[in-house]
Amino acid sequence: MSKLRGVTLTFSFASPGEAVRFLEVITKVLGGKVILGEVKGDKVKVFIPYSEDYRETVRKIKLLYMEVRNSSRVGLRRYDLATVLSVANLEVAIPVQALIDALRLSGRKASVEGSVLVTDAGFNEVVRLAERVSLRYSEAVRAGLPAPLRRLAAAAAACANLSVQEVLDVLEQKGLIKRGDGILPASTLEAIYRELEEMVSSGSGR
């Protein structure tokens with residue numbers, strides 16, 4: 001029986017916990033790809049068998065490593081958006097702008113350059129926030145909200161640990177929306193965003 005041939009990659013991390021998390025991330029992102037991974041202390045060894053597309057698998061794993069390691073850097077970091085959204089356990093698909101809004105509402109810098117997210121938040125923080133936004137976005141969809149309000153309400157609810165309904169209640173009390181509103185003018189959306197900023201920063205929608 002011939003020996004299995006392939007490529008072995010070794011990655012170092014700041015802690016065993018970070019190493020375990022990295023192995024979980026690459027296993028999820030690669031899906032059905034055949035890889036063999038093991039954690040030894042603060043290191044991860046990954047074996048990728050030779051195949052027609054093994055070079056692409058190696059490239060993805062190295063990209064993930066750079067993104068996860070970037071999380072410990074000070075200042076702005078750059079993450080591939082497709083990677084972030086594939087790692088996150090999403091209830092429903094979310095608009096990229098909803099994640100950007102959530103990051104900004106939570107006090108983070110965030111922008112998009114092509115298919116790259118530029119932010120001062122760590123990789124794991126971005127993934128967890130995307131998961132919370134997705135959960136609230138599914139509520140906003142069921143509420144039948146117009147698209148911009150759906151996005152903003154979901155982002156604020158995710159940041160303030162409120163339900164979308166609670167966010168809508170506050171906006172209605174402030175006279176910024178009425179149930180059944182259709183398309184909202186830009187000036188109203190700007191006022192809503194300012195109110196949501198205050199809501200999140202105060203830690204309460206009351």
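Predicted model: local features only at pLDDT ≥ 70, side-chain atom pairs only at ≥ 80, totals over all residues.
**Close-up 1. Here is S138, a residue found in helix α5.** What does S138 touch, once its neighbours within four places in sequence are set aside? The contacts are E91 and V92.

**Close-up 2. Helix α2 runs from residue 54 to residue 70.** Its 17 residues reach 24 Å from the first C-alpha to the last, close to the 24 Å expected at 1.5 Å a residue. Which of its residues are buried? They are Y54, T57, V58, I61, L64, E67, V68 and N70. The buried residues of α2 pack against quite a list of partners: the strands β1 (6–12), β3 (43–49) and β4 (77–80), plus the helices α1 (16–30), α3 (81–87) and α5 (123–142).

**Close-up 3. Strand β6 (residues 116–119) is covered on both faces.** In a regular strand, side chains alternate between the two faces of the sheet. Here, V116 and V118 lie on one side, L117 and T119 lie on the other, and all of them are buried. β6 pairs with β4 in the antiparallel sense over four bridges, and R78 stands opposite V118 there. β6 also pairs with strand β5 (residues 110–113), again antiparallel and over four bridges, with E113 opposite V116. β5 and β6 make a hairpin with two residues between them. Take a look at G114 in that turn: its phi is positive, about 65°.

**Close-up 4. Aromatic rings pair up here, and the count comes to seven pairs.** One of them is F11 with F22, an edge-to-face pair at 5.3 Å centre to centre, with 65° between the planes. This pair links distant parts of the chain, since F11 belongs to strand β1 and F22 to helix α1, eleven residues apart. Both F11 and F22 are buried. For Y50 and Y54, the ring centres are 4.9 Å apart and the planes sit at 70°, so this pair is edge-to-face. Are these two tyrosines buried or partly exposed? Y50 is partly exposed, with a relative accessible area of 37%, whereas Y54 counts as buried at 15% relative accessibility.

Technical notes: Residues numbered from 1 in each chain as written. Heavy atoms only, no water. Expected span 1.5 Å × (residues − 1). Buried < 20%, exposed > 50% of the residue type's maximum accessible area, 1.4 Å probe, protein only. Contact = heavy atoms within 4.5 Å. Pairing = 2+ DSSP bridges. Phe/Tyr/Trp six-rings, centres within 6.5 Å; stacked < 30°, edge-to-face > 60°.
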